[in-house]
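Hi,

Here is the structure I promised to pass on. Have a look at it first, and my notes on what turned up follow below.

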Amino acid sequence: MSYRDDRDADQARIASLERELGETRDKLAALEGRRTQALVLATHGALVPGAAPSSAARVFGPGTLRLVRRFDGAFPAARFEHLIERIRELTGDPGRTEVLNASLTWFASRGDRSIGPYRIVTVAVRDGATTLTVTDRLSGLAGAIYGGVGGGVGGGGLSLPIMVSTFVPMLAPVILLGWLGGVFFGTRALYLRLARRRAEELQQVFDALVADIERTVRGDAVTGA
């Protein structure tokens, strides 16, 4: 083997290693992005970058968790049933489904009085592209935490700061406001912790469906090619 052949082989190996390194960096960046979405953006009221949270979400925390992914390629309607089974497997919930020619929607089977999760998965195919949307409504959880825990502790325990304020009437407003503020911020911290946990669970479902859809769409594109 000549010197030139050795050099060409070395350059090929270097190029291969650079490609692998680039792919690894892309995977790490994607993983970090998903982790950030689930753990950080949820606390600011939105899971989708660029979606401005409402004033209520800024104060109380997110009311809805939402993740969206668009794929270049049409997911075949013939495989909707397979995707529904996959959703049921991931969530452990049979749910209920609505299937049309170019879309499917799966709804979690949770009662109105339950704290959830109220997950909804939608796969819509239009103009040669597929859009996956996964959401979870947190209204039941918010009602249980703010209404149940916050209301119970804040209202039921109000007699304690009132009793203390009788000894220092001048500080009564400060004592009462301090008590109510402490209850609110403690309740909010609990709610955000549980909302973050729901966001992580939603992210796991979303990631698995992204992989399934991406694999199917890419496979069909290769077959079609």
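The protein chain has 6 helices and 5 strands, where helices (H or I, at least four residues) and strands (E, at least two) are DSSP runs numbered from the N terminus. Along the sequence they come in the pattern α-α-β-α-β-β-β-β-α-α-α. Before you dig in: this is a predicted model, with local features needing pLDDT of at least 70 and side-chain atom pairs counting only at pLDDT 80 or more, while totals for chains, interfaces and linings use all residues. Residues are numbered from 1 along each chain as its sequence is written, and side-chain values use heavy atoms, with hydrogens and water left out.

Of the 225 residues in the protein chain, 31% are buried (buried is under 20% relative accessible area, exposed over 50%, partly exposed in between, with a 1.4 Å probe and protein chains only). As for contacts (heavy atoms within 4.5 Å), 59% of those between residues at least 6 apart in sequence join residues at least 24 apart.

Now the sheet. The 5 strands form an open sheet in the order β1-β5-β4-β3-β2, with antiparallel pairing; two strands pair if DSSP finds at least two bridges between them. β1 (64–72) and β2 (96–99) are the edge strands, each pairing on one side only. On average, neighbouring strands are turned by 10 degrees against each other, direction ignored. For the angles, axes are lines fitted to C-alpha atoms (for helices over the stretch in contact), and values run from 0 to 180 degrees between N-to-C directions.

Going through the pairs, β1 and β5 run antiparallel and are joined by 9 bridges, with R69 opposite L132 in β5. β4 and β5 also pair in the antiparallel sense, over 9 bridges, and R126 has A129 in β5 as its bridge partner. These two strands form a hairpin with 2 residues between them, and D127 in the turn has a positive phi of about 50 degrees. Between β3 (residues 103–107) and β4 (residues 118–126) there are 5 bridges, again antiparallel; L104 is partnered with V123 in β4.

Strand β5 (residues 129–137) is largely enclosed by the rest of the structure, because 7 of its 9 residues are buried. Helix α3 (residues 80–91) lies across β2, β3 and β4, running at about 20 degrees to β3.

R198 lies in helix α6 (residues 172–224) and is buried, with a relative accessible area of 8%. Leaving out residues up to four places away in sequence, R198 touches L65, I115, G116, P117, Y118, D136, R137, L138 and L141. G148 sits in helix α4 (residues 139–156) and counts as partly exposed at 44% relative accessibility.

Finally, which residues lie nearest the centre of the second largest pocket? They are F107, A108, R110, Y118 and R137, out of 10 lining residues. A pocket here is an open set of points on a 1 Å grid over the protein atoms alone, where a 1.4 Å probe fits, with protein on both sides within 12 Å along at least five of seven lines; lining residues have an atom within 4 Å of a point. β4 gives the most to this lining, with 3 residues.

Cheers
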